[in-house]
Amino acid sequence: MRLKMKKSLGVTMISLVIGIVILIIISGMLIYNSKSGIQVRSYKWMQNDIEVLENEIDAFYIKYGALPISHKYTNIKFEPQPNDIQEYYIIDLAALDGFTLNYGKDYEKLNGENLEENYDDIYIIDKQSHHIYYARGIEMDGVWYHTNTADNEVTYKQISQPQLTILHCEEETNETIQTEHIEVESGKKYTASTYAKTSLAYNGKNYTYLSASEDEILMDWKDQTITLYYSKDEIGKGSNINMPDGIPDKYQVIVEIAVEHGSFTGGEKTVAIVVTLMSNGVPSENGIGHLADREIPDITADAGYTTQGGTWSPYEPTPSLPIHENIKFTYTCALITPPSPPGI
């Protein structure tokens, strides 16, 4: 009887052990299947995102002939497809609307600095093949996936880069003097003054660069335009006032100094001097100018006249005299009065 009980107990223990082992195996399978299910779901979400983006970008490209892209992205963690030229750009989701993605949330945080170090929950696209990748990737069974399209399904496309148009215009009439079309890259900044010309001839007159519609422009997927304004420049400081000096004429005035019954050092009766009007250290239409001491010529009186006792009209030009408009100063030498004969 005791032997039979021992045999029964042994069978029960073996059954218990087998049951535990089966439970462990089943639990492991459930855990694995659960983890695998999450991974598959994540991968499917990425696939759906990329399919949506492919459709949206194709429509955008057909309409604009360019890609909706912003900054260049080089922190690549995947194997490029054969058709890629490996120039990847962040997809500009702001240019596309009317849909929701599962991933790509870091796009809203981009600030133009340290993009690759700080963010990877973004979608990127190859410049040539239009192949779309998820930068962060999805892990499934130890393998990382960044896209869902085989290379043989990728359409090879020639990208049309955005164009920057430079309009060189006359400031008063806004008439276009010259037009330039510059090939640029999306995601880069371009400075307006880089394209300014020192001088331009237009309708027989000379013009100098004045200002730009904007100092700097960040190119995205759209063609953009910068207008550079030029102002008339036909006079200038120097021995020949009819030579442009790179300062718009509207910031300058002409001061004439004339002499009657005399001449200046070079034998001239009249000299003209260009004075630049300044305000807070920069040329200004409402500024004030001054003659330099060296610009006020010495006077030599004609025979029978003297510089002693002569008069200035309207007043004497001096370095301290503020000048704000065209003006003419005239000095009249005094007549030498012969001495009276003795006894008269």
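Trainee: Which strand gives the most to the lining of the largest pocket?
Mentor: Strand β16 (residues 270-276), with 4 residues. A strand is a DSSP run of E, at least two residues, numbered from the N terminus. This is a predicted model: local features need pLDDT of at least 70, side-chain atom pairs need 80 or more, and totals for chains, interfaces and linings use all residues. Residues are numbered from 1 along each chain, and side-chain values use heavy atoms, without hydrogens or water.

Trainee: How much space lies in that largest pocket?
Mentor: About 230 Å³. A pocket is an open set of points on a 1 Å grid where a 1.4 Å probe fits, with protein on both sides within 12 Å along at least five of seven lines; lining residues have an atom within 4 Å of a point.

Trainee: Where is Glu295?
Mentor: In the loop between β18 (282-283) and β19 (299-301).

Trainee: Is Glu295 buried or exposed?
Mentor: Buried, because its relative accessible area is 15% and the cut-off is under 20% (1.4 Å probe, protein chains only).

Trainee: What does Glu295 touch?
Mentor: Lys237, Ile257, Ile273 and His290, leaving out residues up to four places away in sequence. Touching means heavy atoms within 4.5 Å. The backbone nitrogen of Ala292 also lies 2.8 Å from a polar atom of the Glu295 side chain.

Trainee: New topic. How many disulfides are there in the whole structure?
Mentor: The search finds 0. A disulfide needs two cysteine sulfur atoms within 2.5 Å.

Trainee: Cys169, buried or exposed?
Mentor: Cys169 is buried, at 3% relative accessible area. Cys333 counts as buried too, at 3%.

How values were computed:
Buried means under 20% relative accessible area, exposed over 50%, partly exposed in between (1.4 Å probe, protein chains only). A polar contact is a pair of N or O atoms within 3.5 Å; within protein, one must be able to donate a hydrogen and the other to accept it, and residues adjacent in sequence count only if both atoms are side-chain atoms. Grid points are joined across faces, edges and corners, and a volume is the space filled by probe spheres set on the points.
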